[in-house]
Amino acid sequence: MLRIFRNAILDKRITRKTFSFSAIAAKRYVIKDHYEFDQKVINSDNPVIVNFHAEWCDPCKILTPKMTELLEPSDEIDLAIVDVDDNAELVQTFEVKAVPAILAFRNGVVVDKFIGLVDANMIENLIGKLAKKKTT
């Protein structure tokens, strides 16, 4: 989104590129409970990549921003963040044994999964697979 501001002191127009918060918020969810998980992931029309992470996990602090960065240009895949310390029921349901754990969902079903810190190519391949299957 482009916004034009007027600087009264310099009597100039300034054009800035800004992000609409609503556009970003629709793609990235922080899941707080099982009900919200069902609404945002299981019942989603888009494929969803779910990132199980923890605040104390150093690899998670690297992977989560990388996932956000790689998914930002895509409007067809959503990202859901699940804190394992706050969502023990989801951790047990999906048998998450270590963090970070990434699960890819399509139509409410896990279609791919990886655990641990992986390189950007593996994440891009996962995004590519989810995007391709949606268009076919």
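Across which strands does helix 2 lie? In this predicted model, local features require pLDDT of at least 70, side-chain atom pairs count only at pLDDT 80 or more, and totals for chains, interfaces and linings use all residues. Residues are numbered from 1 along each chain as its sequence is written, and side-chain values use heavy atoms, with hydrogens and water left out.

Helix 2 (residues 34-42) lies across strand 3, strand 4 (48-53), strand 5 and strand 6 (101-106), and runs at about 160° to strand 3. Helices (H or I, at least four residues) and strands (E, at least two) are DSSP runs numbered from the N terminus; axes are lines fitted to C-alpha atoms, for helices over the stretch in contact, with angles from 0 to 180 degrees between N-to-C directions.

An open sheet of mixed pairing is formed by 5 strands in the order 3-5-4-6-7, two strands being paired if DSSP finds at least two bridges between them. Its edges are strand 3 (28-31) and strand 7 (109-115). Strand 3 runs parallel to strand 5 (residues 78-83), to which 4 bridges join it; Arg28 has Leu79 as its bridge partner in strand 5.

The largest nonpolar core has 20 residues, and those with the most contacts inside it include Phe37, Val50 and Phe94. Such a core is a set of buried Ala, Val, Leu, Ile, Met, Phe, Trp, Tyr and Cys residues joined through side-chain atoms within 4.5 Å, where buried means under 20% relative accessible area (1.4 Å probe, protein chains only). Beyond its neighbours within four places in sequence, Val50 is in contact (heavy atoms within 4.5 Å) with residues including Phe37, Val41 and Phe105.

Key:
Buried < 20%, exposed > 50% of the residue type's maximum accessible area, 1.4 Å probe, protein only.
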